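Here is a friendly briefing to read alongside the coordinates.

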Amino acid sequence: MRKLFILWLSIISCTAFAQVKTPAQLYPELFNRIQMERIYADGKTFPDVVPLASAEVINKEYAAQKGKAGFSLKAFVNKYFQEPVANTDIFKSDPSKGVVKHIDTLWTVLQRHPDTAKGTSLLALPNPYIVPGGRFREVYYWDSYFTMLGLQQADKIDVIQDMVDNFAWLIDKYGHIPNGNRTYYLTRSQPPFFAMMVKLLAGAKGNAIFKKYQPQLLKEYAFWMDGAAKLKPGQAHRHVIKLQGGEVLNRYWDDSDQPREESYREDVLEAAHSKQPKAEFYRNIRAAAESGWDFSTRWFADGKNLHSIQTTNLIPVDLNCLVYNLETTIALSYRAEGNKAKAAVYEAKAKARRIALTKYTWDAGQGFYVDYNWKARIHSPELTIAAAFPLFFNIASNAQAKQVSAKIKSRFLHTGGVSTTLKNSGQQWDRPNGWAPLQYVTIIGLRNYKQTALAKTIATGWIKQNTTAFKQTGKLLEKYNIELKGDAAKAGGGEYPLQDGFGWTNGVLLKLLSIYPQNN
């Protein structure tokens, strides 16, 4: 009966998915022109605009006017579309009141109420939610878990409940949690932190929460494992790969092989430099966007250039740790309802994944966890802070954790925290940039294995980086240059300017301050 129920939900989800049109589908020729002629400096702006007439009317008027003498594409766009505004653009902070008060105020600034917008790319959600800030005017999947850490500290459990319910609603409607609640994000997800959100909520409301969200946990698992049962060794389908030993592990994937609508011009121009067929290049770009690490030399075949991106060839260590956690959380949900047999099934799946993860991603020579290239059957040469995830989820042995800790201390540690990778490439998910979620994962992972001194060093460095910059600028940012201090620590790289807000920075900072109180 349960299998029939899940099949029925999948059919409903696919139908809902098929009925949704993205901006590129609504305005095919117009969309291409606006993006390639760069009417807006940020490629995400047009996909987020509010249309002032129906798509049918706008396309008809464009067709009638485009060939006329003196036609101005910019004027046409200004007439028929309203540019979106970010609340953080108009919010002014008061640094004298302190960073905690600043964050407390920002919860209101960054909160969105149930959506009523019509005709936009926004996927309307039924409950209030917190957005990251700046150009990120919608909810983001993995960002939200780290934002929730701060909401937990602020005792805003009702907001966490609303957000978890929104994600459960998205899973029920679309079969997965999209990258963000935009139509153009529907073809991919993000690192699967929903199970961690459920755990966070269960910590406040009790183990009945596991049972309540069991249907959505199972559906998300089905999304990530789709096609696994039919694979033969050496084959892949969507997010799953069957390795030569018969083990099944996951990769990042996107169901579309077209340029990303929010970075359309950038993708089209970069594809011209790639030796890959365009569809393959776009798929790899999109898969990296699903990882949240967009972009990093972690994904580059030559270790240097974006056009060599090979995301779908890699089995990421962090993703598989997250799916391991999803399996153990599903097991918890069955235990919560007294179903020991079903719990044992998912505990066995988690155990098998743990063994496979160690077999394929532990590089004994490096003494470090790395991604595994399943096509070339080799370890990736790129060392990244994703190696902290097996410590965060208690997958590493004590000996492995000790080696990982030593390498983090010797290679990744800087004044303001830990770097994402060891390469300074100009990409935003590379050195010298530090990101709040990766600081938190690293710190908690080290604490799990009693590497408390190193954990404290990282935490206090990151806290100081955040608070010093805040005192000088009145802002909390999405990332920092951890090799510099204060205002100079503003990070660079990426496809867009540095963003203010900022959801996960706020959340992680509040959580770390509760663990490591500061005199200032």
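Helix α8 (residues 141-153) and helix α21 (residues 503-515) have axes that come within 7 Å and cross at roughly 40°. That makes α8 oblique to α21, since angles under 35 degrees count as roughly parallel, over 145 as roughly antiparallel, 65 to 115 as roughly perpendicular and the rest as oblique. This is a predicted model, in which local features need pLDDT of at least 70 and side-chain atom pairs count only at pLDDT 80 or more, while totals for chains, interfaces and linings use all residues. Residues are numbered from 1 along each chain as its sequence is written, and side-chain values use heavy atoms, with hydrogens and water left out.

**Terms for the helices**

- Helices (H or I, at least four residues) and strands (E, at least two) are DSSP runs, numbered from the N terminus.
- Axes are lines fitted to C-alpha atoms, for helices over the stretch in contact, and angles run from 0 to 180 degrees between N-to-C directions.

**Helix α8 with helix α21**

- In this pair, α8 passes α21 in a left-handed crossing (the near helix is turned anticlockwise from the far one by less than a right angle; clockwise would be right-handed).
- On the α8 side, W142, D143, F146, T147, L149, G150, Q152 and Q153 meet G503, W504, G507, V508, L510, K511 and S514 of α21; contact means heavy atoms within 4.5 Å.
- The residues of this contact divide into six nonpolar, seven polar and two charged (Ala, Val, Leu, Ile, Met, Phe, Trp, Tyr, Cys and Pro count as nonpolar, Asp, Glu, Lys and Arg as charged, and the others, Gly among them, as polar).

**Helix α3 with helix α13**

- Helix α3 (residues 28-36) packs against helix α13 (residues 264-271) at an angle of about 80°, with the axes 8 Å apart.
- That makes α3 roughly perpendicular to α13.
- F31, N32, Q35 and M36 in α3 meet Y264, R265, V268 and L269 in α13.
- By class, this contact has five nonpolar, two polar and one charged residues.

- R286 sits in helix α14 (residues 278-291).
- With a relative accessible area of 4%, R286 is buried (buried means under 20%, exposed over 50%, partly exposed in between, with a 1.4 Å probe and protein chains only).
- The side chains of R286 and D254 are joined by a polar contact of 3.3 Å (a pair of N or O atoms within 3.5 Å; within protein, one must be able to donate a hydrogen and the other to accept it, and residues adjacent in sequence count only if both atoms are side-chain atoms).
- Not counting residues up to four places away in sequence, R286 touches T187, R188, D254, S256, Q258, P259, R260 and E261.

**Q235 in its loop**

- Q235 is found in the loop between α12 (214-225) and β5 (236-237), and is partly exposed at 35% relative accessible area.
- A polar atom of the Q235 side chain lies 2.8 Å from the backbone nitrogen of K232.
- Leaving aside neighbours within four places in sequence, Q235 is in contact with K230, V240, I241 and K242.

**Backbone geometry**

- Most residues other than glycine have a negative phi, and most peptide bonds are trans.
- The peptide bond from D294 to F295 is cis, with omega near 10°, and F295 lies in the loop between α14 and β8 (314-315).
- R431 and P432 are joined by a cis peptide bond with omega about 10°.
- R377 has a positive phi of about 60° and lies in the loop between β11 (372-373) and β12 (378-379).
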